[in-house]
Amino acid sequence: MTFSYSRLTAFDSCKYKWLMKYILGIEKLENSFFSTYGSFIHDLLAKYYRGEGDSETLALEYLERYFHRVLGKPMHNSTVINYFNQGLDMISSLQPVKEQVLGVEQEVKWQLGGRDYIGYIDLILQGDNGIIVRDHKSRDLKPRSNRKKPTKGDVELDEYLRQLHMYSKPIKEIYGEFPTSLEFNCYRTQRLIKEPFDEQKYAETCDWAIKKADSIEKNENWGPNIEFFGCKYLCDVNRECEYYNAGR
């Protein structure tokens, strides 16, 4: 099996979903609002950073294609309105980057703990002080609080930073150096969160990934994690899940 950051984290969200998708090979059946929205925004941002459109032309494409690309229904209609307006405002406000663009949606492959890994880096930039790895996120992450006792936002940020620390390994192999900056473009709120690359956190992330993959390979309990919002609005194989369908 080829692993990825998302494959490792998906195991904890629902082991039964993981079994269906990655062991039994059940392909995605459901297009959720959140996944199709994210894919659409990522495609538009990729076009922008590849120089295939400016903010005006991509805003027009956003308006023309939104209801063809963004499918499914969230829990509340207000979510659709908020996401639509935030996406349009973000696309319309795009500004050229000062750094050199090295890669857009770049596929990277590496090995860790004797296993193959794959990932797709949203944006790789060459800044004045080194390489920048940037990931586009719909989630409204919070900047680090720098308090003595980490907040819930700090813990969440560190969990997401694992993905970018994992990408740092193929970055080093491709460009000969680790990135200097790990960044999240929280596009709905137009917040850019910057964190320095940390060698200790990088080592901890590699150790976490190896142990997580070990636990997946040794796992024998594939019971579901039944949770209303995740099962109904996020799971893309819920139509094949007997646990979900039994409760409908």
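A residue is called buried when its relative accessible area is under 20%, exposed when that area is over 50%, and partly exposed in between. Keep that in mind as we walk through this structure, which is a predicted model.

**Charged pairs**

Let's start with Glu-107. Its relative accessibility is 42%, so it lands in the partly exposed group. The side chain of Glu-107 meets that of Lys-109 in a salt bridge, with 4.0 Å from N to O. Lys-109 has a relative accessibility of 57%, so it counts as exposed.

How many salt bridges does the structure hold? There are 18. Here are three of them, with the N to O distance for each:

| Pair | N to O distance |
|---|---|
| Glu-61 and Arg-65 | 2.8 Å |
| Lys-109 and Glu-107 | 4.0 Å |
| Lys-137 and Asp-135 | 2.3 Å |

Where do Glu-61 and Arg-65 sit relative to each other? Both belong to helix H4 (residues 55-69), and because they are four residues apart there, about one helical turn separates them. Glu-61 is buried, at 14% relative accessibility, while Arg-65 is partly exposed at 31%.

Now for Lys-137 and Asp-135: are they buried or exposed? Lys-137 has 13% relative accessibility, so it is buried. Asp-135 is buried too, with a relative accessible area of 4%.

Salt bridges can also join up into a network, as they do here for Arg-144, Asp-158, Glu-195 and Lys-201.

Which residues make the nonpolar surface patch of about 310 Å²? They are Met-1, Ile-23 and Leu-24. Ile-23 belongs to helix H2 (residues 15-23), and its 49% relative accessibility makes it partly exposed.

**Nonpolar cores**

Next, the inside. The largest nonpolar core has 32 residues, and the ones touching the most other members are Leu-8, Tyr-117, Met-166 and Phe-184. Several elements each give this core at least two residues, among them helix H1 (5-13), strand S3 (115-127), helix H6 (152-175) and strand S5 (181-186).

What does Met-166 touch, if you leave out residues up to four places away in sequence? Its contacts are Tyr-5, Leu-8, Trp-110, Tyr-117, Thr-205, Trp-208 and Ala-209.

There is also a second, separate core, made of 24 residues. Tyr-48, Tyr-62, Tyr-83 and Ile-91 are included in that one.

Technical notes. Residues are numbered from 1 along each chain as its sequence is written. This is a predicted model: local features need pLDDT of at least 70, side-chain atom pairs count only at pLDDT 80 or more; totals for chains, interfaces and linings use all residues. Side-chain values use heavy atoms; hydrogens and water are left out. Buried means under 20% relative accessible area, exposed over 50%, partly exposed in between (1.4 Å probe, protein chains only). Patches are made of residues with over 30% relative accessible area and no salt bridge: like charges are joined within 9 Å, nonpolar side chains (Val, Leu, Ile, Met, Phe, Trp, Tyr) within 5 Å. Accessible areas come from the Shrake-Rupley method with a 1.4 Å probe; for residues, only the protein chains shown count as cover. A nonpolar core is a set of buried Ala, Val, Leu, Ile, Met, Phe, Trp, Tyr and Cys residues joined through side-chain atoms within 4.5 Å. Contact means heavy atoms within 4.5 Å.
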